[in-house]
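Please read the following account alongside the sequence and the model.

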Amino acid sequence: MNRIILFGLALISCVLLHAQRKIDVLHYTFRIGLSDSSDNITGDALIRFRMLETTPNLLIDLAAVNPATSKGMKAGKVMMKGLPLTYTQTEQQLNISLGAIVSAGDTAEIQIQYSGVPSDGLIISKNKYGHRTFFADNWPNRGHNWLPCVDDPGDKASVDFIVTAPQHYQVVSNGLLIEETSLSADKKLTHWREDVPINTKVMVIGVAAFAVQRSGTIAGCIPVYSWVYPEDRDKGFYDYEQANEILPFFIREVGPYGYRKLANVQSKTIFGGLENANTIFYAEGSVRGDRRSEGLLTHEIAHQWFGNMATEKSFAHLWLSEGFATYMTIYYMESKYGRDTAVKMLEEDRRQVAAFARKSNRAIVDEDPDFMKLLNANSYQKGGWVLHMLRQQLGHEVFMKAIKKYYAQYAGSNADTRDLQHVFEQVSGKSLKTFFDQWLYQPGIPQLDIKWNYAPRTKKITITVKQLQPQAFSFPLKIAIQCSGGKTQTQVLQVKNNTDTFSFSLTGTASSVLADPDTELLYEGTVTGK
Ligand SMILES: [Zn+2]
């Protein structure tokens, strides 16, 4: 996701679902009824699942009606094998009594009928042109505000959305269009099917008046579409058409695209963009007709590999989505516009990480139960910088080999930070424990006080590197020494203690010293000396 729009919305609180999951969902079929007469939706969910453990009770996430706002979902009939089941509905969950009708290892299907006005998750509102729209916005675990589900990134399932809505709307969703049928003069049924398992955070429907264009076909079989507001047709088609250039780049660099289509959709997401599986929602302001949303498109398209296909096991490892999307965008820009563009982006990101580190004492891998708080410079910019440093320290070829292997190994499933570490260790043949421990599990970044002194008599320079932050990091620090006569001598210093002193000979008189001349290290600091 791109969080540009999110600043100011960070106070939205998320409820951590502590459910003891005893099922693995295999498939959802959601039948959703929408109307223009009210914001009330009707739902009928079929959930096919495998029992992982014999249990008399099944917990399904579904936000209940809040008496203060009258918004939320009221469950109706709950059925299994043709029999009605009893249940209780708490604030965030249905607790369904199964009795002894299913046991561990069984595959079963439960049907849940429900209705209500969504308090979140499905945004029913007007777009910037004053037209009524319905846009799902499930990240991180807001899906259960309108869908009964296991609202957890660790559980992926295939999904059918069968939406009945007034005729004048078009419906877009994950996967492929299966059916579009007029039911009556004013009702239309639209059925989309996603047969690649995805998690609820990237399940989506968008219901609005759209202009729709098939802008290209990638790899001979993947159609690319633009879905934009009709008023923005020309500008939107022009802006979103860039996906046809971005998608092949990641197929070439990372591995096969995991889905059957890519739709880029103008929407009412609260985020700058949300990477919903193969059906990316962008904020409505993303369409300007100037292609300045290229970075946003690249970020969300990169998520189709990192976040959607290869998914973090839990939100504590969110950087496996956001750090990857951040760095893959820089990598794309480097490839398209050159290294100077990438360096500018890295320098800006480094400034943001340093500013965040000054006020936060948290590591990238973060168990904070308020997932919205994880949309920070640690998950995005610092995560991106971690990948950049791996690329610098291991070399481009080893880095890309590890990225490809990680994707090949975890596409379709879930990974955590140590899983990524093991892949990089296998490919590089090096232990990366210190690297991963300090950059991902330790807060902050190196704050360096670098002092140098040149002794003309011995022609030696002495450089003292002090780490001012609480815990010392271990890293290579490149130093460029400008010598008299215009020559530059570079030296890589292996820094690992609170204070390290290095001394070596120069061929000329040192006139200035520059730390990290090639933008390879995440740090902040000063260099002084003579
Ligand atoms: Zn993102």
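Gln 93 lies in strand 7 (residues 93-97); strands here are DSSP runs of E with at least two residues, helices are runs of H or I with at least four, and both are numbered from the N terminus. Gln 93 is buried, its relative accessible area being 14%, where buried means under 20%, exposed over 50% and partly exposed in between, for a 1.4 Å probe and protein chains only. Between the C-alpha atoms of Gln 93 and Gly 72, which are 21 residues apart along the chain, the separation is 12 Å.

The model is predicted, so that local features need pLDDT of at least 70 and side-chain atom pairs count only at pLDDT 80 or more, while totals for chains, interfaces and linings use all residues. Residues are numbered from 1 along each chain as its sequence is written, and side-chain values use heavy atoms, with hydrogens and water left out.

The zinc ion is coordinated at 1.9 to 2.1 Å by Met 1 (N), Met 1 (O), His 299 (NE2), His 303 (NE2) and Glu 322 (OE). Donors are N, O and S atoms within 2.8 Å of the metal (3.2 Å for Na, K and Ca); water is not among the atoms, so sites may look incomplete. Along the chain, the donors of the zinc ion follow the spacing M-x297-H-x3-H-x18-E.

Axes are lines fitted to C-alpha atoms, for helices over the stretch in contact, and angles run from 0 to 180 degrees between N-to-C directions. The contact (heavy atoms within 4.5 Å) is made by Leu 320, Phe 324, Tyr 327, Met 328 and Tyr 331 of helix 4 with His 396, Phe 399, Met 400, Ile 403 and Tyr 406 of helix 7.

The axes of helix 6 (residues 378-394) and helix 9 (residues 433-440) come within 11 Å and cross at roughly 155°. Helix 6 is therefore roughly antiparallel to helix 9. Lys 382, Val 386, Met 389, Leu 390 and Gln 393 of helix 6 meet Phe 435, Phe 436, Trp 439 and Leu 440 of helix 9 in this contact.

Key. Angles under 35 degrees count as roughly parallel, over 145 as roughly antiparallel, 65 to 115 as roughly perpendicular and the rest as oblique.
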